[in-house]
Amino acid sequence: MSKHRLKLAVRNAVARTLYATGLHALVQRLSRPRVLILAGHCVSADSNASLSKDTKVRAADLVRIVRFFGRRYDILTMQEAAQRLRAGTLARSAIVLTMDDGYVDNLTHLAPLLESLGVRATIYVETRALSERRLNWTHSLFLLLDHLGHAAFVARYCALANDAKGVAQLQAVAQQQGASTYHIKRVLKYEVQRLDRERVLEALMQAERLDGRALCDTLYMTWAQARELHTRGHEIGAHTESHAILSRCSADEQRQEIEGSRAAIQRELGAAPASFAYPFGREWDWNDSAARAVTTAGYTSSTTTHPGTNRPGCDMVRLKRVMVDEDVRLDLLVAEACGGFDLLRKLGFQPPA
Ligand SMILES: [Zn+2]
């Protein structure tokens, strides 16, 4: 058995035992209060059928999660949780439900479901999609890969790019790895020049007559819909303007993305957002200067996608979140929420995500 599979087996055994025996309640009572922030994108629905399953959570799973935690934990918005974490007034452990990007099902499916259970979500929106009805580059990439096929996409991209180093990386990956979606996206994310990538993808979308605007209208909510969510008590947070990888931006570009998305929400909702989430959220997707810009802009919290829970006194611009998608398992969430996995981490065992 490989080391990774062994770690997965240990993680699963601990989670199953805590959940099935009810020991999680004892661990929760013995642990100090903590906040588990769940991170998803959308609830599986017709509008997001084109998105991959790791961006969707099934309605039935979400109901099960909310019912389980609703009986034992407080379920808060990010702003409420941040306030308690900062002030040290977290009387008991809590859960926060966050959804990234601003997909339309958040209004049509997520909100009615949560409201019927008496809870509210925090929705982080990428404001350019709402304001200009423009897709971010990852959606354009998936559309083009689907339409052209991987090998043709790589050839066409390389022919148009003004970025010799990026082109060389893309060609190398295409040859070595058989040009899987994952590897192509990875090179476009971290290796090619950002603005050149925007230009080339835009040019390819036009050349192939692919309608990014129509897909944006299908996937993303409008400002009117965001206002409705806000009025109904859901929290609207910011997620940059263009879903930029902040670690790949200059300090000026970071400020524009972080302050610009805040200004857009303030303009459209009449209230400045308190909460921010780093796009992609892994520690190599943002950096210290982005974290400083978040604080300077006036946000009270910022979330990553590194797993774990958050305790009073923690760094409010480096909050941990656990992803929920169509493979979500309640026992793993419970083991995390009650402090069981934090106990393992204290003992030097890092449960794999
Ligand atoms: Zn996102």
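Which side chain makes a polar contact with the side chain of threonine 303?

**Entry 1: the model.** I am working from a predicted model, in which local features need pLDDT of at least 70, side-chain atom pairs count only at pLDDT 80 or more, and totals for chains, interfaces and linings use all residues. Residues are numbered from 1 along each chain as its sequence is written, and side-chain values use heavy atoms, with hydrogens and water left out.

**Entry 2: threonine 303.** I looked up the partner and found the side chain of arginine 321, at 3.4 Å. A polar contact here is a pair of N or O atoms within 3.5 Å; within protein, one must be able to donate a hydrogen and the other to accept it, and residues adjacent in sequence count only if both atoms are side-chain atoms. Threonine 303 sits in strand S9, residues 301-303. Helices (H or I, at least four residues) and strands (E, at least two) are DSSP runs, numbered from the N terminus. I noted threonine 303 as buried because its relative accessibility is 0%. Buried means under 20% relative accessible area, exposed over 50%, and partly exposed in between (1.4 Å probe, protein chains only). Leaving out residues up to four places away in sequence, threonine 303 touches Ile37, Met78, Tyr124, Phe276, Ala277, Tyr278, Leu319 and Arg321; contact means heavy atoms within 4.5 Å.

**Entry 3: arginine 321 again.** I then followed arginine 321 to a salt bridge with aspartate 100, where the closest N and O atoms are 2.9 Å apart. A salt bridge is a side-chain nitrogen of Lys or Arg within 4 Å of a carboxyl oxygen of Asp or Glu. Aspartate 100 is in strand S5 (residues 94-101) and arginine 321 in the loop between S9 and S10, so the pair ties together parts 221 residues apart in sequence. Aspartate 100 is buried at 4% relative accessibility, and arginine 321 is buried at 0%.

**Entry 4: other salt bridges.** My search of the whole structure gave 24 salt bridges. In one of them, the side chains of arginine 58 and glutamate 326 meet at 3.7 Å, N to O. Arginine 58 lies in the loop between S3 and H3 and glutamate 326 in the loop between S10 and H16, so this pair ties together parts 268 residues apart in sequence. Arginine 58 is partly exposed at 40%, whereas glutamate 326 is buried at 16%.

I also looked up aspartate 288 and arginine 318, whose side chains form a salt bridge at 2.8 Å, N to O. Aspartate 288 is partly exposed at 48%, and arginine 318 is partly exposed at 31%.
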